[in-house]
Amino acid sequence: MTTADLFADAAPAGPAREELAPGAVLLRGHALAREAEILAALDAVVAAAPFRHMVTPGGFRMSVAMTNCGRTGWVTDRKGYRYDSVDPSSGKPWPDLPASFSALASGAAAQAGYPGFVPDACLVNRYAPGARLSLHQDKDERDFAQPIVSVSLGLPATFQFGGPRRGDKALRVTLAHGDVVVWGGTSRLYYHGVLALKDGEHARLGRARVNLTFRRAL
Ligand code: MD3
Ligand code: FE
């Protein structure tokens, strides 16, 4: 038995740290070390604030189902996009950010070169087969100098990211269970989206992809 054999199961598929765009760092498999803790915390968040399909200001029902945890959460309805401390479905505050979520996000940000990142919001996106997120910018946060940390769980998805203008040529990258991407610096305002999820079965999450998006919103 060689050292390579011992680590065969734990080794990420590509390089551990990959620069996708200026200021954007992909940490392949970074969330796997805390997988059980993260999935248990996710179950507790979803039990307290169930997934729902929100409506865009233009009146379209989003194919991605969403919920939030943290001091504030991202919401959309006919009135617009915004952060709100209250879950509009229940009238109660969003569940607290689990300690395991905060530790994962802060640790990944530090490893990517953004020390001192403390998220106050976690948007949880659930994709069923066919669900997609069209090209957009994240502009509802107060301080664009703060990075965004994204954690992919469940089925793999094709993530698309371009540049600062909608028409900029977009690159594609597959994000798999446990992959973490930190978007900071110049890439923070890049257009990005997720192509329609391909059907499949994931050992832990079934026919779904879940993405945790950590932000400093306020
Ligand atoms: C690149 N979510 O919730 S996370 C979103 O996979 C969102 O659910 C996607 O885009 C998802 O707004 C992508 C990766 C991500 C998040 C924010 C970014 C990439 C980003 C901000 C700037 C550039
Ligand atoms: Fe986004």
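This passage describes the overall form of a predicted protein model and the surroundings of its ligand.

The protein chain contains 3 helices and 13 strands. Taken along the principal axes, its C-alpha atoms fill a box of roughly 60 × 40 × 35 Å.

Ligand 1 takes up the space of the largest pocket. Among the contributing elements, β13 provides the largest share of the shell, with 4 residues. When the shell around ligand 1 is sorted by class, it is found to hold 8 nonpolar, 7 polar and 4 charged residues.

Of the 19 residues around ligand 1, those that come nearest are N125, Y127, H192, R209 and R215. N125 also places a polar side-chain atom 2.9 Å from an oxygen atom of ligand 1. In the side chain of H136, an N or O atom lies 3.2 Å from an oxygen atom of the ligand, and for D138 the corresponding distance, again between a side-chain N or O atom and an oxygen atom of ligand 1, is 3.3 Å. Taken alone, ligand 1 exposes 500 Å², and the protein buries 98% of that area.

Definitions and conventions. Residues are numbered from 1 along each chain as its sequence is written. Chains are lettered from A and ligands numbered from 1 in the order in which they are written. This is a predicted model: local features need pLDDT of at least 70, side-chain atom pairs count only at pLDDT 80 or more; totals for chains, interfaces and linings use all residues. Side-chain values use heavy atoms; hydrogens and water are left out. A residue is near a molecule or strand if one of its heavy atoms lies within 4 Å of it. A polar contact is a pair of N or O atoms within 3.5 Å; within protein, one must be able to donate a hydrogen and the other to accept it, and residues adjacent in sequence count only if both atoms are side-chain atoms. Accessible areas come from the Shrake-Rupley method with a 1.4 Å probe; for residues, only the protein chains shown count as cover. On a 1 Å grid over the protein atoms alone, a cavity is a set of points where a 1.4 Å probe fits but cannot get out, and a pocket is an open set with protein on both sides within 12 Å along at least five of seven lines; lining residues have an atom within 4 Å of a point. A molecule sits in a cavity or pocket if more than half of its atoms lie within 2 Å of its grid points. Helices (H or I, at least four residues) and strands (E, at least two) are DSSP runs, numbered from the N terminus. Ala, Val, Leu, Ile, Met, Phe, Trp, Tyr, Cys and Pro count as nonpolar, Asp, Glu, Lys and Arg as charged, and the others, Gly among them, as polar.
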